[in-house]
Amino acid sequence: MDKKIVRQAKKGDSDAFASLIGQCETSMYKAAKAILRSEDDVSDAMQESILVAWEKLDTLRRDELFKTWLMRIVINESNKIYRKRQTMIPEAEMAEFQEWESGYSSVEWKMFLEELDEKHRIVIVLYYIEGFKIREILEILQIGQSAVKMRLTKARKILANIYDRKEKQNETISKSDTGNKKRNGNAGGNKEKSTENAWRTSRMEFGEDGRRMAE
């Protein structure tokens with residue numbers, strides 16, 4: 001983050017502040033979307049975060065940490081909206097999940113994230129998708145380093161279990177399709193192979209330490 005632009009924004013330069021928000025907008029969206037389901041709520045969280053950031057910009061002590069500071073505001077505002085929605089309507093009546101931004105790598109990855117609860121999903125988004133370091137995430141979430149690592153470890157295990165479960169389902173489908181192919185020829189074989197390759201590619205996106213490998 002350009003400290004010169006941050007300093008200009010802190011002096012009241014609205015154009016400089018808009019430039020900073022523009023650089024962080026995608027990250028803000030993904031963080032809010034990891035907590036909130038409704039696009040309207042995500043938009044509200046982002047707008048409120050922008051207002052709070054502008055009003056409290058003079059409280060930012062280290063200019064180089066503007067993005068980390070802003071992401072903490074986004075998560076706080078998103079959590080406020082989430083808690084408000086929970087008290088207003090039962091979870092079963094919440095709007096159906098809408099399609100995530102196209103920046104995610106695959107349909108499978110989006111599906112994996114949906115299986116996680118909010119506190120584990122947000123660390124995955126911040127660490128793997130947005131590339132924040134552990135020390136930055138603990139600043140954003142205001143939790144200890146051990147808590148961040150524990151959530152990442154648990155989230156990895158959950159994701160691995162989801163993948164393994166899907167693999168078993170695919171194996172069952174594959175065996176069934178093999179029997180059908182013997183009776184009906186090779187119809188549908190290419191589609192099955194394509195699905196299998198998609199899951200293999202999704203799994204290979206993770207390195208040995210669990211971090212998504214660069215494309």
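From the N terminus on, the elements run α-α-α-α-α-α-α-α-α, which comes to nine helices and zero strands (DSSP runs, with H or I of at least four residues for helices and E of at least two for strands, numbered from the N terminus). This is a predicted model, where local features need pLDDT of at least 70 and side-chain atom pairs count only at pLDDT 80 or more, while totals for chains, interfaces and linings use all residues. Residues are numbered from 1 along each chain as its sequence is written, and side-chain values use heavy atoms, with hydrogens and water left out.

Of the 215 residues in the protein, 38% are buried (buried means under 20% relative accessible area, exposed over 50%, partly exposed in between, with a 1.4 Å probe and protein chains only). As for contacts (heavy atoms within 4.5 Å), 63% of those between residues at least 6 apart in sequence join residues at least 24 apart.

Leu-57 sits in the loop between helix H3 (39-55) and helix H4 (66-88). With a relative accessible area of 3%, Leu-57 counts as buried. Setting aside neighbours within four places in sequence, Leu-57 touches Ala-9, Lys-10, Phe-17, Phe-66 and Trp-69. Its C-alpha atom is 9.7 Å from that of Arg-7, 50 residues apart along the chain.

Then there is Lys-4, which belongs to helix H1 (residues 3-10). Lys-4 counts as exposed because its relative accessibility is 52%.
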